[in-house]
Amino acid sequence: MAKPQVVVAPVLMSKLSVNAPEFYPSGYSNYTESYEDGCEDYPTLSEYVQDFLNHLTEQPGSFETEIEQFAETLNGWVTTDVALQELMELIYQQATSIPNFSYMGARLCNYLSHHLTISPQSGNFRQLLLKRCQTEYELRDQAAKGDERTRKRFHAFVLFLGELYLNLEIKGTNGQVTRADILQAGLRELLNALFSNPMDDNLICAVKLLKLTGSVLEDAWKEKGKNDMEEIIQRIENVVLDANCSRDVKQMLLKLVELRSSNWGRVHATSTYREATPENDPNYFMNEPTFYTSDGVPFTAADPDYQEKYQELLEREDFFPDYEENGTDLSGAGDPYLDDIDDEMDPEIEEAYEKFCLESERKRKQ
């Protein structure tokens, strides 16, 4: 039988519907019998895999219920080096070309790396995947300074590698599960490539990657006694001060510095739960609005002389016009990475905000 052609197109209309009974492993014997009989009514490996990837893209919630059957079918089908390479390439292309599939692609890669039985001399599934990532990784410097299309493809690869770092589990001989250190080192160099070419889209990609992996990377570096995150934050501060990037991107970078200063937004629970009160929680009034007297004197809920007046004003104001009572956002969904950016900021306020963020970070280091 001729080697099936690798399909890299995001969408492929195959002869097999994902809703057909044959899509599930119960029909696997029919696949093999049809090939032996020379029947052409069933899909090639690439068509079958692509259909499943498209199915996961449209219905990500089906991963838990269908992945086991998918892997079982592949174990009866992927029996050669060529087939394994084709399978890996299909998943890699889907994960780096379809928006929002990088997370699902990383989960799929992790599952198959532990459940595919084929392990040829050329490398098992995980080894082939890492080799493929290595090929793209070596082009990082050229890609980061390439044209818009090249950079867009590079950014998709960067975010997929970030998801792989978080989701690809390596099991040691003693059963201990760890992350792939090679990916940790790779992400550090990818950040270097992005910050060395401070175009807006490169910087946005770096922000996305650090929001995704920053806390895990910093923890891992600290365990090894490394200060890589401090160096990255310093590069961000230099970009904010010196680079010719847009105002919105500078705000994104400053908010990232602020996020890192708050331990990446992580809250460590105390051993004994206590309901927050003004007496035991210094941040109790932090998010309360501030009002002003007729003389321009500011007051908040923490001021005992104005508590009754404060409550009266609070009840009269509508502080959340864009939300229903159940918290549903009525303002419309946008880019989750760009929603933090204010539409307008006075230049003087913007400059003061930049100085405040940078000064806060310096104090935190001291």
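Student: What span is expected for helix α12, residues 247–261, at 1.5 Å a residue, and how far does α12 reach?

Tutor: This is a predicted model, where local features need pLDDT of at least 70, side-chain atom pairs count only at pLDDT 80 or more, and totals for chains, interfaces and linings use all residues. Residues are numbered from 1 along each chain as its sequence is written, and side-chain values use heavy atoms, with hydrogens and water left out. The expected span is 1.5 Å times one less than the number of residues. α12 has 15 residues, and 21 Å is expected. From first C-alpha to last, α12 reaches 21 Å, close to that value.

Student: Which residues of α12 are called buried?

Tutor: Buried means under 20% relative accessible area, with a 1.4 Å probe and protein chains only. In α12, V249, K250, Q251, M252, L253, L254, L256, V257 and R260 are buried. Across the protein, buried residues make up 42% of the 366 residues.

Student: What makes α4 and α8 roughly perpendicular?

Tutor: Angles of 65 to 115 degrees count as roughly perpendicular. The axes of α4 (residues 81–97) and α8 (residues 148–167) cross at roughly 110° and come within 8 Å. α4 and α8 are therefore roughly perpendicular to each other.

Student: Which residues meet where α4 contacts α8?

Tutor: Contact means heavy atoms within 4.5 Å. Y92, A95 and T96 in α4 meet A156, F157 and F160 in α8. By class, the contact has five nonpolar, one polar and no charged residues. Ala, Val, Leu, Ile, Met, Phe, Trp, Tyr, Cys and Pro count as nonpolar, Asp, Glu, Lys and Arg as charged, and the others as polar.

Note on methods:
Axes are lines fitted to C-alpha atoms, for helices over the stretch in contact, and angles run from 0 to 180 degrees between N-to-C directions. Helices (H or I, at least four residues) and strands (E, at least two) are DSSP runs, numbered from the N terminus. Angles under 35 degrees count as roughly parallel, over 145 as roughly antiparallel, 65 to 115 as roughly perpendicular and the rest as oblique. Buried means under 20% relative accessible area, exposed over 50%, partly exposed in between (1.4 Å probe, protein chains only).
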